[in-house]
Amino acid sequence: MKILNDEQCSLFKTFVENHDFFIIAGHKEPDGDCISCCIGMANLIEQFGKPYQLLSAGPFKRTEIKKYASRFSNTLDFMTQAERDKTGLIIVDCSELSRLGDIDGDIKGFDTFIIDHHKTADASWATCIIDPSAPAACLLVQQLYERLAGKMDTQTARQLFFGLSTDTGHFRFLAEDSAETFKSAARLVEAGANPRRIYDEMSGGKPFSTRKLLAIMLSRTERYYNNKLCVTYETMEDTKKFGAEGRDSDALYSLLLSVEGVEAVLFVRQETENSCTAGFRSRDSVDVSAIAAKFGGGGHKNASGLSMEGKIDTVIPQILKEFAKVL
């Protein structure tokens, strides 16, 4: 992870000083890092004494973030043109307006600052801070907060540690080049974050139905390319029977990646009659973001996703053709 330089911090400070109101938004179907970035950024904007609105298209599917849903709106507050001219849009944990999802209101045309860490980020259209080497976007928000506002309050520290923990699998996904990440985590703990309590918050409270669904998806799993790739799926009938709330794909990825010889996992979910989402996880050597990008998706080298038209039995073969080129 790179340390933000003076120019980057000054660029963001100037952006804040030049606007009277802020819209803070993250990607649709938010995760812990996205939500924590938004709230951490809101706390930073408060240090400048300026108002803001937190926007999210949702849905807040993940058990660990449901309690934050009430802090966000999916409808942009009405503004006159004069007010829009003095409003800054801060996008965190993604870099495309389309990834914000269905927001009720005109989100286009605002002066925009992007803070992201995805390898596939493309923010050439806005002012930005993008660092793909950062394992969580929360670490970028943390650095801005520490540089521009000074000592962090306990509530913000806990929130940012939650985001860092969710995006790193409670530090399980970090490699030998993670010293700066652990230094940042240590500062959050010093400010009041409790690692054990936050782990319980992010890993507990799952509905029993998710365990039943997990068993079904494991039983469907097939292996390809000398057993290097595990593939499974969820049908619309599964969703109807077991529910869409609290689904635990993270546990699925973890279990399958722990199998000897497995280098990547593909999980496809039929969302509608004619569209699917797909999630990818991999070990160090397989760049799944490049595969996701082939279908308009993206993300990190070892964790990515996409949405595409089609049904499970046609989507999986298309994606398998791309995996064949790298496995």
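Me: Which residues line the second largest pocket?
Reply: Lys67, Tyr68, Arg158, Gln159, Phe162, Asn194, Arg197, Ile198 and Glu201 line the second largest pocket. A pocket here is an open set of points on a 1 Å grid over the protein atoms alone, where a 1.4 Å probe fits, with protein on both sides within 12 Å along at least five of seven lines; lining residues have an atom within 4 Å of a point. This is a predicted model, where local features need pLDDT of at least 70, side-chain atom pairs count only at pLDDT 80 or more, and totals for chains, interfaces and linings use all residues. Residues are numbered from 1 along each chain as its sequence is written, and side-chain values use heavy atoms, with hydrogens and water left out.

Me: Which elements give two or more residues to that lining?
Reply: Helix 5 and helix 7 (195-203) do. Helices are DSSP runs of H or I with at least four residues, strands are runs of E with at least two, and both are numbered from the N terminus.

Me: And what volume does the second largest pocket have?
Reply: About 170 Å³, counted as the space filled by probe spheres set on the points, with grid points joined across faces, edges and corners.

Me: Back to helix 5: at what angle does helix 4 pack with it?
Reply: Helix 4 (residues 138-149) and helix 5 (residues 154-167) pack at about 155 degrees, with axes 9 Å apart. That makes helix 4 roughly antiparallel to helix 5, a label for angles over 145 degrees. Axes are lines fitted to C-alpha atoms, for helices over the stretch in contact, and angles run from 0 to 180 degrees between N-to-C directions.

Me: Which residues in helix 4 meet helix 5?
Reply: Cys138, Leu139, Val141, Gln142 and Tyr145 meet Thr156, Leu160, Gly163 and Leu164 of helix 5; contact means heavy atoms within 4.5 Å.

Me: New topic: what's the strand order in the five-stranded open sheet?
Reply: The order is 2-1-3-4-5, with parallel pairing; strands pair if DSSP finds at least two bridges between them. Strand 2 (52-55) and strand 5 (127-130) each have a single partner strand, so one side of each lacks a neighbour in the sheet.

Me: What packs on that sheet?
Reply: Helix 2 (residues 32-47) does, touching strand 1 (21-25), strand 2, strand 3 (87-92) and strand 4.

Me: And what's the order in the six-stranded sheet?
Reply: That open sheet runs 6-7-8-9-11-10, with mixed pairing. Strand 6 and strand 7 (residues 229-234) pair in the antiparallel sense over three bridges.

Definitions and conventions
Parallel < 35°, antiparallel > 145°, perpendicular 65-115°, else oblique.
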